[in-house]
Amino acid sequence: MITVTKEFSWDMSHMLAEHEGLCKNLHGHTYRMEVTVAKKEGSLEDEGSKAGMVIDFKDLKEIVKEEIISPLDHSFMYWTHSSDEIEHQLAQILQQADRKVFAVDFRPTAEMMAIYFFQSLEDKFNEIDIDLVSIKVWETPTSYAEFRGER
Ligand SMILES: Nc1nc2c(c(=O)[nH]1)N=C([C@H](O)[C@H](O)COP(=O)(O)OP(=O)(O)OP(=O)(O)O)CN2
Ligand SMILES: [Zn+2]
């Protein structure tokens, strides 16, 4: 199967409620993500300006930027079911000051983000006959989570 992969990055803060180490504190990462896709039936475009491509890298970039990167960049990822009252207070202060808060209903680990991003992008790619194959999310240069779709 032929696939293409594009890499993205964004800056974001989060905290991990009940983490036993430093990660319960508010902190940030320059996240990195790899998005890998294939054309349905594993083929390539066979004519026109996109001949020989799975998808134009430019189109891949536009979809991921619109769906994921733009809403997340320089935001605070807020877990709406956090057990840490400080997290709710922080989100409230930021929201009241019209600062960027991205609310999610999952604990903001790299694993959960990979699953969430996959689900957020899958339908968009399906609309243009593209299968989302995998998403990798790096929190640090040495730590990443990967989610692969069923094929
Ligand atoms: N399985 C997971 N473990 C941890 C996650 C996670 O999302 N999934 N997240 C964190 C923290 O948010 C943060 O990412 C710290 O990670 P860690 O790799 O421990 O950070 P370091 O700064 O020590 O990274 P190095 O690259 O090793 O310097 C914690 N755990
Ligand atoms: Zn972290």
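Author: Let's take strand β5, which covers residues 130-140 and holds Glu 139. Keep in mind that this is a predicted model. The UniProt record, an unreviewed entry, lists Glu 139 under "active site", along with Cys 23 and His 74.

So, is Glu 139 buried or exposed? Its relative accessibility is 16%, and because buried means under 20%, Glu 139 counts as buried. Setting aside residues within four places in sequence, Glu 139 is in contact with His 14, His 29, Thr 30, Tyr 31, Pro 108, Thr 109, Ala 110 and Met 113.

His 14 and His 29, together with His 27, coordinate the zinc ion (ligand 2), each through its NE2 atom, at 1.9 to 2.1 Å. Along the chain, the donors are spaced as H-x12-H-x1-H. His 14 sits in strand β1 and His 29 in strand β2, 15 residues apart, so the pair links distant parts of the chain. Both of these histidines are buried. As for the geometry, the zinc ion (ligand 2) has 4 donor atoms around it, and the angles they subtend run from 94 to 134°, which makes the arrangement tetrahedral.

Now for another residue from the UniProt list, Cys 23. You'll find Cys 23 in the loop between β1 (4-14) and β2 (27-39). At 29% relative accessibility, Cys 23 counts as partly exposed.

Glu 87 belongs to helix α2 (residues 85-96). With a relative accessible area of 0%, Glu 87 is buried.

β5 runs antiparallel to strand β6 (residues 143-148), and 6 bridges join the two. They form a hairpin with 2 residues between them. Within this pairing, Lys 136 stands opposite Glu 146 in β6.

Which residues have the most contacts inside the largest nonpolar core? They are Met 33, Val 35, Val 37, Val 64, Phe 125 and Ile 135, in a core of 32 residues. The elements giving two or more residues to this core are β1, β2, α1 (57-72), β4 (101-104), α3 (110-127) and β5. Of these, α3 gives the most, with 7 residues. Phe 125 touches Val 35, Val 37, Ile 55, Leu 60, Ile 63, Val 64, Ile 130 and Leu 132, not counting residues up to four places away in sequence. There is also a second, separate core of 5 residues, which includes Phe 76, Tyr 78, Ala 91 and Val 101.

One last stop is Lys 39, in strand β2. At 9% relative accessibility, Lys 39 counts as buried. Lys 39 touches Leu 44, Glu 45, Val 54, Asp 129 and Ile 130, again leaving out residues up to four places away in sequence.

How values were computed. Residues numbered from 1 in each chain as written. Chains lettered and ligands numbered in written order. Predicted model: local features only at pLDDT ≥ 70, side-chain atom pairs only at ≥ 80, totals over all residues. Heavy atoms only, no water. UniProt positions renumbered as here; feature names shortened; annotations may be inferred. Helix = DSSP H or I, 4+ residues; strand = E, 2+ residues; numbered from the N terminus. Buried < 20%, exposed > 50% of the residue type's maximum accessible area, 1.4 Å probe, protein only. Contact = heavy atoms within 4.5 Å. Donors = N, O, S within 2.8 Å, 3.2 Å for Na, K, Ca; no water. Tetrahedral: all angles 85-135°; square planar, octahedral: opposite > 155°, others 65-115°. Core = buried A, V, L, I, M, F, W, Y, C linked by side-chain atoms within 4.5 Å. Pairing = 2+ DSSP bridges.
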